[in-house]
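Dear colleague,

I am handing over a structure for your study. Please look through the sequence and the model first, and then read the notes that follow.

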Amino acid sequence: MKIKTSVENSVAVIEIEGSLSSDMKFEFDNEISRYASQPVHIILDLSKVAFVDSATLGSIIKFYTTLRKNGRHLLLSSINQKIYDVFRLTGITKQIKIFESLQNALDYIRENS
């Protein structure tokens, strides 16, 4: 798994490449934690992610809850259909906003912050 993060205008875009599985959960959690403690919104760009396991899914929900309590957004963008189906089956699509593109997620933050 590779993680690339950029921060601009109080938005951290975390681009992930590879699989989000339990063996990479520590690295994933550390990267998001760095930004969850700052006054920024977070967008997870999952355009290059092929797999998400339940442990990482739990982390995403945990960070979403933390950010939401602090008045900030955690959004997901560019998810493939297979991952979207898993998120839909687990009910995550009812909690976390998912956008077709990174630009759509950025526009949402700009309009709702």
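**Strands and helices in the model**

In this predicted model, strand 2 (residues 11-20) is mostly covered, with seven of its 10 residues buried.

Strand 2 pairs with two other strands, taken here in turn. With strand 1 (residues 2-8), the pairing is antiparallel and runs over seven bridges. Within this pair, S6 stands opposite V13 of strand 2. Strands 1 and 2 form a hairpin that has two residues between them, and N9 in the turn has a positive phi of about 55°.

With strand 3 (residues 41-52), strand 2 pairs in the parallel sense over nine bridges. Here I14 is opposite L44 of strand 3. To get from strand 2 to strand 3, the chain passes through helix 1, and this β-α-β crossover is right-handed.

I turn next to the helices. How do the axes of helix 1 and helix 2 cross? The axes of helix 1 (residues 25-36) and helix 2 (residues 54-69) come within 10 Å and cross at roughly 10°. Angles under 35 degrees count as roughly parallel, and the two helices are therefore roughly parallel to each other.

Which residues meet where helix 1 contacts helix 2? From helix 1 they are K25, F28, D29, I32, S33 and A36; from helix 2 they are A55, T56, S59, I60, K62, F63 and L67. Sorted by class, this contact has seven nonpolar, three polar and three charged residues.

With kind regards

Technical notes: Residues are numbered from 1 along each chain as its sequence is written. This is a predicted model: local features need pLDDT of at least 70, side-chain atom pairs count only at pLDDT 80 or more; totals for chains, interfaces and linings use all residues. Side-chain values use heavy atoms; hydrogens and water are left out. Axes are lines fitted to C-alpha atoms, for helices over the stretch in contact, and angles run from 0 to 180 degrees between N-to-C directions. Helices (H or I, at least four residues) and strands (E, at least two) are DSSP runs, numbered from the N terminus. Angles under 35 degrees count as roughly parallel, over 145 as roughly antiparallel, 65 to 115 as roughly perpendicular and the rest as oblique. Contact means heavy atoms within 4.5 Å. Ala, Val, Leu, Ile, Met, Phe, Trp, Tyr, Cys and Pro count as nonpolar, Asp, Glu, Lys and Arg as charged, and the others, Gly among them, as polar. Buried means under 20% relative accessible area, exposed over 50%, partly exposed in between (1.4 Å probe, protein chains only). Two strands pair if DSSP finds at least two bridges between them. A crossover is right-handed if, with the strands pointing away from the viewer, the path from the first strand over the helix to the second runs clockwise.
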